Structure formats: C-alpha cells, structure tokens
Amino acid sequence: MKLPGYYSSGEFARMANVSIRTIRFYDKQNILKPSYVTPSGARFYTDSDFARLQQILLLKYLGFSLDDIREMTIGDTDYHFLLNSLNLQKRLVQDRIEQMQLVESAIEDTVQALEQEQQVDWSQMLELIHLTGMEKSLKTQYQNATNISARIRLHKEFSQNRQGWFPWILEQCRLSEGESVLELGCGNGALWTENLTSLPRKFTAVLSDISEGMLRDARRNIGPEDPRFSFQAFDCHQIPFPDHSFDLVIANHVLFYCQDISQVCRQVRRVLKPGGLFVCSAYGSGHMREISQLVQQFDSRIVLSAEKLYDRFGLENGLQLLAPCFSQILCRRYEDSIRLNQPEPLIEYILSCHGNQNQILLDRYKDFRQFVEKRTAKGFHITKDAGIFLCRP
C-alpha cells in the first residue's frame, strides 16, 4: 500500500541515485533510519530523510568516517536546521578547495624542482605531506563552526535585549580613530561583522585564533578587501607582538578556555600600550541554567559540559584572577534573557554543547524533540548572566 508522502526503499534509492544496498547499509549503521516500518518489515522514507541523506553523502565524499558522520548529522526537518546545515557544508567545501589548491601548488613546486635539479627537495615533500594531512582537522573545524552558529542563533533571535551582545561589547570598548586592536579568539569574526556600519574609518585590528578554520571563516565573513583587518593564528599564551603594541585587546569568552589564565593576562598586559584597555567577557553562575535543568529532567545522565566555565573564569571570580596584572578593573553586566516557544533552536543549542548529550540523544532524538516541544509550547525562559571586565594596567 502506498503511503502519502512516503517513498519505498527502491523509490528513495532512485531519487538519491544510490543503490538500495547503500540505503540498507546506512540503516544498519544507525546513520539513516526509515521514518516508517510496516509490521511486515517494509521501510519507507520521507523528504526529511532525503535531506539527511544529502548531508551524509556530502560528508562521506569529503572524507569523513561513518563514526564522524553519525555524530555530525543529528538534525531535524526544520527549515533553520536545513539551511544552517547547508551553509556549514558549503564552508566545509570551501575549506577543502583551499586545501587542495595548496596541495596542487606544493606538487607543482616539487615537480619543478625535480625537473630543474633532478633530485628530490625533501623539505618540499615534507610540506606536501603536512598539507595532505590537513584534512584531519576538518571534522573539528566543522563541529566548531556548527557549535558557534547554533549558539549565536539562539542568542541573536530570541534574546530580549535588542541591542545585542556584540554591539554592546563594542560600545564598551569605545574604539576611536587610529587605534590599534588585537582580538584573541576571534572565532568567525561576529564581533566585527555585526558592527561594520559603526566602526571607525581608520583603525587597525589583528584578529587572532588558535584555529586556522575559524580564521578562514572570519576572513570570509569580513571580506579580504577591508584593509583595516589582518588575521593571524597563534596561541594567546604566547602573543607574538612587541611590548606596547595595542591600544585595545579583546578576549570575548576566551579566558575560561585557557590552560594558564595568569600567563595570558601577563601577555596581554605586556602588549598593551600605557593606558590601554583590556576587555574580557565571562559568564556568571546562573547563565543558561534552565537548559541544564531541562536535559537533566529528560535524562539524568546528560552533562552538557564536563567543566563549568564560570568556575575557571567567571563574573564571580574574575576580579581576583585579573587583579595581579591590572590595577583598574571594572565589571559590567549585560542585562538580558532568552524567551522562545519553539523547540528547534533550543535543541540545536543543546546539541552544540561539549558534554555527553549526543551520545545519549542519538538513539532517542525523536523522544527528546517531543519532550522539548512540550516544554516550550507555552514559552520557555532562559536566564542570561554574562558581562565584561574593563581592565587597565
């Protein structure tokens, strides 16, 4: 019997231009389950399954393992999920193209050296090996981009303070014409892309991140043609600039990830000009607590983060950690909260966390979605407890 809106395994395979054997294999691997199975065992798929298959096939083409794909393709039929997924996959393809262009250039250089000198330049061959090994970092880059996008969406679309976090931070910085800026951990460059119309015409900003992938996203988002910005990858424990280089240093939600916060603070103070300003943000202990309570109610085993970031560097203890390096420290809180009545952005945020939730929710996703949908139907309130420290030497 033909079910409205459902495709048999054969129809589904023909639509996707793959074999039925492939569809069955993904089913057995718990990567793509049918939406409906009849009592006799016949499997049926929907358009949402087709969208998920598209993602699986692209990630497979890009070289991800089945285990990687299983972790990376928890999704939903919601328009925002699909659009976000496609945009992230587009960036992933762009990264792969850039890497393959570097590999092509390295091969050409090696061939040219062989033709001219009739011997192998082992340093160039080693460079080629390193370039071809860059693909191992793509999974991390993809997941980082996914996580950042999910978090920004929840805050941007459902926060009650309409000014927005990034415009508020830049307002506190009081950036002036001609100043030099260093941002540590720039991520995808959102601090600047959301403030482009209000930036001074003449200033210089070095955007840094430990992740080359994040820097590529920031460069694309801001645009390579803007001469005010340059991009550099380094670890903020060792900032590669001379003493007194910058008027302003920004570390937006960075310090609590650092292994040695005091070392980073010493480096920041060193590169700040006399009278310069260090702006660093942090969370308070009440930040987003309702989300942790929600997942715990669904399954008490779920821990969204193995480490509470505000315990490492937060609004409650930040002054104490900053005081050895800075004589003037002012804390300002950003007054805000989140309210939403739809499940998708909240689920997307939960899946982006650094805990064990994906391992537990992978096999219970439909149940979890129904649970969140019920809890958000009449509105769901989330506390936001975040702010910044304004520090001067």
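Trp165, Phe166, Trp168, Ile169, Leu170, Gln172 and Cys173 are the buried residues of helix α8. Buried means under 20% relative accessible area, exposed over 50%, and partly exposed in between, with a 1.4 Å probe and protein chains only. Helix α8 spans residues 165–173 and is mostly covered, with seven of its nine residues buried. Helices (H or I, at least four residues) and strands (E, at least two) are DSSP runs, numbered from the N terminus.

This is a predicted model, in which local features need pLDDT of at least 70, side-chain atom pairs count only at pLDDT 80 or more, and totals for chains, interfaces and linings use all residues. Residues are numbered from 1 along each chain as its sequence is written, and side-chain values use heavy atoms, with hydrogens and water left out.

The buried residues of α8 pack against α9 (190–193), β7 (246–251), β8 (272–283), β9 (328–340) and β10 (380–392). Contact means heavy atoms within 4.5 Å. Just after α8, arginine 174 takes a positive phi of about 50°.

Strand β8 is itself largely enclosed by the rest of the structure, because nine of its twelve residues are buried. Five bridges join β7 to β8, and the two strands run parallel. Two strands pair if DSSP finds at least two bridges between them. Leucine 248 stands opposite leucine 277 in β8.

Elsewhere, an open sheet of three strands has the order β1-β3-β2 and antiparallel pairing. Its edge strands are β1 (7–8) and β2 (36–37), each pairing on one side only. Strand β3 covers residues 43–45, and two bridges join β2 to this antiparallel partner. Tyrosine 36 stands opposite phenylalanine 44 in β3.

Threonine 46 lies in the loop between β3 and α3 (47–61). The side chains of threonine 46 and serine 35 are joined by a polar contact of 3.4 Å. A polar contact is a pair of N or O atoms within 3.5 Å; within protein, one must be able to donate a hydrogen and the other to accept it, and residues adjacent in sequence count only if both atoms are side-chain atoms.

Alanine 205 sits in strand β5 (residues 204–209). Alanine 205 and valine 181 are 24 residues apart in sequence, yet 4.5 Å apart in space, C-alpha to C-alpha.

The axes of α12 (residues 289–298) and α15 (residues 344–351) come within 11 Å and cross at roughly 85°. That makes α12 roughly perpendicular to α15. Axes are lines fitted to C-alpha atoms, for helices over the stretch in contact, and angles run from 0 to 180 degrees between N-to-C directions. Angles under 35 degrees count as roughly parallel, over 145 as roughly antiparallel, 65 to 115 as roughly perpendicular and the rest as oblique. Ile291, Leu294 and Val295 in α12 meet Leu346, Tyr349 and Ile350 in α15. The residues of this contact divide into six nonpolar, no polar and no charged. Ala, Val, Leu, Ile, Met, Phe, Trp, Tyr, Cys and Pro count as nonpolar, Asp, Glu, Lys and Arg as charged, and the others, Gly among them, as polar.

Overall, the protein chain has 17 helices and ten strands. Of its 393 residues, 48% are buried.
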